[in-house]
Amino acid sequence: MADDVTKKQKKLAGNTLFTHFIMFGSSGSRVLNVINISYLQSRSKRVWVRKPLGSPMAKSKIFRITPKPALPEDEKAEIKRLFDNYKNSMKSIRQYFFEQSLKQAESGEVAQTKHRLEDQEHEQLVEENRLENEKTAMLREEKLKIQAEKTQQNVLASLIKKEGEAKLHEIQIEAFLTKQMCTPFIQAENIEKAIEDALANPVNFNFALDLDGYIYRGKDTSIDTIPEEKRERLSRN
């Protein structure tokens with residue numbers, strides 16, 4: 001029975017490889033023995049165990065370049081969306097903690113000094129704003145005053161012009177009336193005499209024109225009966 005156990009142990013030792021690695025720390029005093037079992041044989045099956053973390057890359061894989069996996073466009077977009085959401089969330093968290101730290105710091109002396117400086121700056125800005133408003137108000141008043149003077153001058157000039165036009169119109173009316181008064185009118189007491197004169201001296205308003213511009217007055221006037229030197233010619237003016 002003991003011989004059988006010894007044979008099994010030897011067989012297991014023959015099928016099992018042990019590799020010893022000695023790793024030194026930063027101080028050089030610490031030694032760690034790492035025992036690597038390359039593979040174990042159990043029931044005629046080899047069970048491979050991964051190599052230790054300190055082992056170098058296999059020589060057969062040194063110059064092997066692993067191809068980059070090609071991802072679909074929708075998967076890339078989804079990964080980018082998730083990454084953007086992660087960045088925004090982290091940014092919001094950092095901003096939140098920063099604001100909380102500022103609120104906690106406001107109760108200190110630095111915060112009181114900051115508030116005092118802010119109050120002084122606010123008062124200074126209010127004073128500057130008041131002075132600027134006063135300056136703007138003065139400029140506005142001067143501008144309105146100048147504009148009012150210009151408007152007054154324009155109105156006065158317009159009134160003077162209208163007054164001159166009214167006087168000229170009155171003069172024209174007076175001249176027209178004077179001219180009309182000088183024109184002889186038939187009075188009521190002289191109407192019978194005017195009728196007799198009109199009947200005694202009839203006036204014929206008919207006339208004719210020739211191609212040379214001569215006027216022949218009267219309905220029954222003959223061209224041949226009027227000498228050429230006595231003919232009346234139409235004025236060209």
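A salt bridge, as the term is used here, is a side-chain nitrogen of Lys or Arg within 4 Å of a carboxyl oxygen of Asp or Glu. With that criterion in hand, let me go through the charged side chains. The model is predicted, so local features need pLDDT of at least 70 and side-chain atom pairs count only at pLDDT 80 or more, whereas totals for chains, interfaces and linings use all residues. Residues are numbered from 1 along each chain as its sequence is written, and side-chain values use heavy atoms, with hydrogens and water left out.

The structure holds seven salt bridges, and I will begin with one between Glu134 and Arg130, whose side chains meet at 2.6 Å, N to O. Both residues sit in helix H3, which covers residues 109-182, and because they are four residues apart there, about one helical turn separates them. Helices (H or I, at least four residues) and strands (E, at least two) are DSSP runs, numbered from the N terminus. Glu134 is partly exposed, with a relative accessible area of 40%, and Arg130 is also partly exposed, at 37%; in these terms, buried means under 20% relative accessible area, exposed means over 50%, and partly exposed lies in between, with a 1.4 Å probe and protein chains only.

Helix H3 also holds Lys167 and Glu163, four residues apart, about one turn of the helix. Lys167 forms a salt bridge with Glu163, the closest N and O atoms being 3.9 Å apart, and Glu163 is partly exposed, at 46% relative accessible area.

What, then, of a pair outside that helix? The side chains of Glu232 and Arg217 meet in a salt bridge at 3.1 Å, N to O. This pair links distant parts of the chain, with Glu232 in strand E7 (residues 232-233) and Arg217 in strand E6 (residues 214-217), 15 residues apart. Glu232 counts as partly exposed at 38% relative accessibility, and Arg217 does so at 47%.

Salt bridges also join Lys80, Asp84 and Lys87 in a network.

Finally, Arg50, Lys51, Lys61 and Arg64 gather in a patch of positive charge on the surface. Such patches are made of residues with over 30% relative accessible area and no salt bridge, like charges being joined within 9 Å and nonpolar side chains (Val, Leu, Ile, Met, Phe, Trp, Tyr) within 5 Å. Lys and Arg count as positive and Asp and Glu as negative, while His and the chain ends are not counted. One of the patch members, Arg64, lies in the loop between strand E4 (45-48) and helix H2 (73-105), and Arg64 is exposed, with a relative accessible area of 54%.

Note on methods
Areas by Shrake-Rupley, 256 points an atom, 1.4 Å probe, with all protein chains shown as cover. Charge placed at Lys NZ, Arg CZ, Asp CG, Glu CD.
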